[in-house]
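Take a look at the structure shown here. The text below walks through it step by step.

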Amino acid sequence: MIVSLVGLPGSGKTTIGRQLARRLGWPFVDSDHVIEQRIGCSIREYFARNGESAFRDIEEQVIDELTAGSDGVGVLATGGGVVLRPANRQRLRERSRVFYLHSTPEDIFRRLRHDASRPLLQGDDPLERLRQLQEERDPLYAEVAHFTFETGRPTVNILLGKILMQLE
Ligand code: S3P
């Protein structure tokens with residue numbers, strides 16, 4: 001089985017995904033990391049040089065590859081914008097068990113304030129940007145998700161316990 005984690009940047013996909021994989025004894029894959037290995041630079045640089053749509057093409061290809069085959073096992077942390085492409089939504093939903101890690105823009109802003117590596121959060125008003133992203137994407141995360149969990153309040157361990165219960 002493949003477990004995919006979706007949600008806004010900073011919602012905890014990589015942190016939770018890594019720990020979930022450890023608890024399950026499964027491999028952990030971060031699609032952004034796979035993309036960076038493939039493009040040979042940071043996503044931020046790639047965005048700046050080639051634009052978002054070129055990045056989304058590579059992301060779609062990588063998501064297809066990482067979820068292909070019926071015998072895959074692992075935990076997949078995705079990039080926050082993965083749900084923008086219908087093909088990604090369909091593949092993730094059909095080929096994996098999808099968990100939406102939901103956080104408020106305010107909680108995320110508090111966590112990400114000092115993180116310069118997120119291209120979509122650069123600019124004058126990152127909190128406003130997060131609110132916009134939340135508004136645009138929340139319906140898409142909800143559409144692709146089999147389960148939704150709040151990542152603002154509960155501790156990582158409580159959240160992990162809840163996810164693991166759904167996988168039993
Ligand atoms: C993006 C989120 C990033 C990364 C890229 C685009 C987005 O991933 O894929 O910068 O559109 O929200 P994280 O959600 O891991 O930050």
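The shell around the ligand divides into four nonpolar, three polar and three charged residues. This is a predicted model. In the model, 10 residues surround the ligand. The closest are Pro9, Ile43, Gly79, Gly80 and Gly81.

Ile43 leads on to a helix pair. Helix 3 spans residues 43-50, and helix 4 spans residues 52-67. Their axes come within 7 Å. They cross at roughly 130 degrees. That angle makes helix 3 oblique to helix 4, because angles from 65 to 115 degrees count as roughly perpendicular and those over 145 as roughly antiparallel. Which residues of helix 3 meet helix 4? They are Ile43, Tyr46, Phe47 and Asn50. On the side of helix 4, the partners are Glu52, Ala54 and Phe55. By class, this contact of helix 3 with helix 4 has five nonpolar residues, one polar and one charged.

Now turn to another pair. Helix 1 covers residues 13-24, and helix 8 covers residues 156-167. Their axes come within 10 Å and cross at roughly 60 degrees. Helix 1 and helix 8 are therefore oblique to each other. Helix 1 passes helix 8 in a right-handed crossing. Helix 1 brings Thr15, Ile16, Gln19, Leu20 and Arg23 to the contact. Helix 8 meets them with Val156, Leu159, Leu160, Ile163 and Leu164. Sorted by class, the residues of this contact are seven nonpolar, two polar and one charged.

Terms used
Residues are numbered from 1 along each chain as its sequence is written. This is a predicted model: local features need pLDDT of at least 70, side-chain atom pairs count only at pLDDT 80 or more; totals for chains, interfaces and linings use all residues. Axes are lines fitted to C-alpha atoms, for helices over the stretch in contact, and angles run from 0 to 180 degrees between N-to-C directions. Helices (H or I, at least four residues) and strands (E, at least two) are DSSP runs, numbered from the N terminus. Angles under 35 degrees count as roughly parallel, over 145 as roughly antiparallel, 65 to 115 as roughly perpendicular and the rest as oblique. Two residues are in contact if their C-beta atoms, placed from the backbone, lie within 7 Å. Ala, Val, Leu, Ile, Met, Phe, Trp, Tyr, Cys and Pro count as nonpolar, Asp, Glu, Lys and Arg as charged, and the others, Gly among them, as polar. A residue is near a molecule or strand if its C-beta atom, placed from the backbone, lies within 6 Å of it. A crossing is left-handed if the near helix is turned anticlockwise from the far one by less than a right angle, and right-handed if clockwise.
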